[in-house]
Amino acid sequence: MTFDSAHFDPASYVFSQPSAPTAIRASTVLPARRENVELRTGDGHRLVGELALPESGEIKATLITLHPLPTHGGFMDSHVYRKASYRLPALAGIAVLRFNTRGTSSPRGTSGGAFEEGIGERLDVEAAVQFAVDRGLPNRWLVGWSFGTELALMYGASEPVASEIEGAILLSPPLHRATGVHLKEWAAAGKPLTVLVPEHDDYLQPAAAAERFSVVPQARVVGVDGAKHLWVGEKYAGRVLNEIVDEVIPGGTAAALPQEWDGPVATAHA
């Protein structure tokens with residue numbers, strides 16, 4: 001997948017003020033301070049990404065997102081992460097960092113390097129976490145989806161990442177690359193680990209996931225009825241975002257995210 005050199009600029013969203021509250025749909029973009037960013041890896045690659053911050057007020061948490069497998073269409077714009085960046089800064093005061101791992105392309109651009117089967121990507125995870133630290137972004141959490149869960153599991157519980165994050169949230173973990181050794185590292189670290197597993201996942205379903213993650217005492221495995229590996233459908237994407245917010249906001253929140261927004265909105269174009 002290739003894109004032209006006119007990389008997407010998040011400042012190009014055009015906001016307007018509707019006369020009535022707007023239903024939040026897949027393409028609804030809520031106000032945030034958005035900027036294109038670049039991460040530098042320890043082996044010299046430039047990774048492209050976007051940071052979305054609340055327009056004002058306290059940043060309550062920071063999501064460092066790790067996308068699905070780039071050789072199967074995964075990138076920083078994979079739909080759950082795109083919706084997180086559209087909504088969570090405004091609805092929950094959460095900062096969302098998205099980026100393309102090495103060799104991955106999206107409308108934002110192409111990251112340097114080439115896909116390395118999750119090995120060289122260790123340096124990508126470290127670069128993203130260090131970027132968040134350097135920017136002073138608080139309450140940092142890894143959020144991995146599919147291949148991204150492998151990166152979170154393999155590298156999140158060891159240094160230099162472990163001491164800089166609060167924990168991790170996993171969406172549809174396949175447990176292909178991550179091994180029992182990595183799960184034992186998480187158990188020893190004691191950091192929170194929330195695991196969202198679709199009922200109809202292609203790789204690891206809830207009962208098997210509960211067994212595999214039983215070696216991590218603090219892991220919370222949540223089976224999601226009706227969902228599939230890619231969380232297609234607003235019902236399931238919304239469920240994921242609510243679970244993320246409940247986990248990362250200190251003290252949690254009993255209320256679900258609003259489904260309407262009374263303020264300026266923009267529409268994203270596919």
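This is a predicted model: local features need pLDDT of at least 70, side-chain atom pairs count only at pLDDT 80 or more; totals for chains, interfaces and linings use all residues.
Residues are numbered from 1 along each chain as its sequence is written, and side-chain values use heavy atoms, leaving out hydrogens and water.

**The sheet and its helices**

- An open sheet of 8 strands runs in the order S3-S4-S6-S5-S9-S10-S11-S12, with mixed pairing (strands, E, at least two residues, and helices, H or I, at least four, are DSSP runs numbered from the N terminus; two strands pair if DSSP finds at least two bridges between them).
- At the edges sit S3 (33-40) and S12 (219-224), each pairing on one side only.
- From one strand to the next, the twist averages 20° (axes are lines fitted to C-alpha atoms, for helices over the stretch in contact, and angles run from 0 to 180 degrees between N-to-C directions).
- S3 and S4 (residues 46-53) pair in the antiparallel sense over 8 bridges, and Asn36 stands opposite Glu50 in S4.
- Helix H1 (residues 79-92) packs on the sheet, and its direction makes about 155° with that of S6.
- Helix H3 (residues 147-155) lies across S5, S9, S10 and S11, at about 135° to S9.

**The nonpolar cores**

- The largest nonpolar core has 43 residues, and Leu142, Leu153 and Trp186 are among those with the most contacts inside it (a core is a set of buried Ala, Val, Leu, Ile, Met, Phe, Trp, Tyr and Cys residues joined through side-chain atoms within 4.5 Å).
- A second, separate core of 32 residues includes Ala61, Tyr81, Val143 and Tyr236.

**The salt bridges**

- By the rule used here, there are 14 salt bridges (a side-chain nitrogen of Lys or Arg within 4 Å of a carboxyl oxygen of Asp or Glu).
- Our opening residue, Glu35, meets Arg135 in a salt bridge of 2.8 Å, N to O.
- Glu35 lies in S3 and Arg135 in the loop between helix H2 (121-134) and S9, so this pair ties together parts that are 100 residues apart in sequence.
- Arg140 and Glu164 form another, with the closest N and O atoms 3.2 Å apart; Arg140 is in S9 and Glu164 in the loop between H3 and S10, 24 residues apart.
- Arg140 counts as buried at 15% relative accessibility, whereas Glu164 is partly exposed at 25%.

Note on methods: Contact means heavy atoms within 4.5 Å. Buried means under 20% relative accessible area, exposed over 50%, partly exposed in between (1.4 Å probe, protein chains only).
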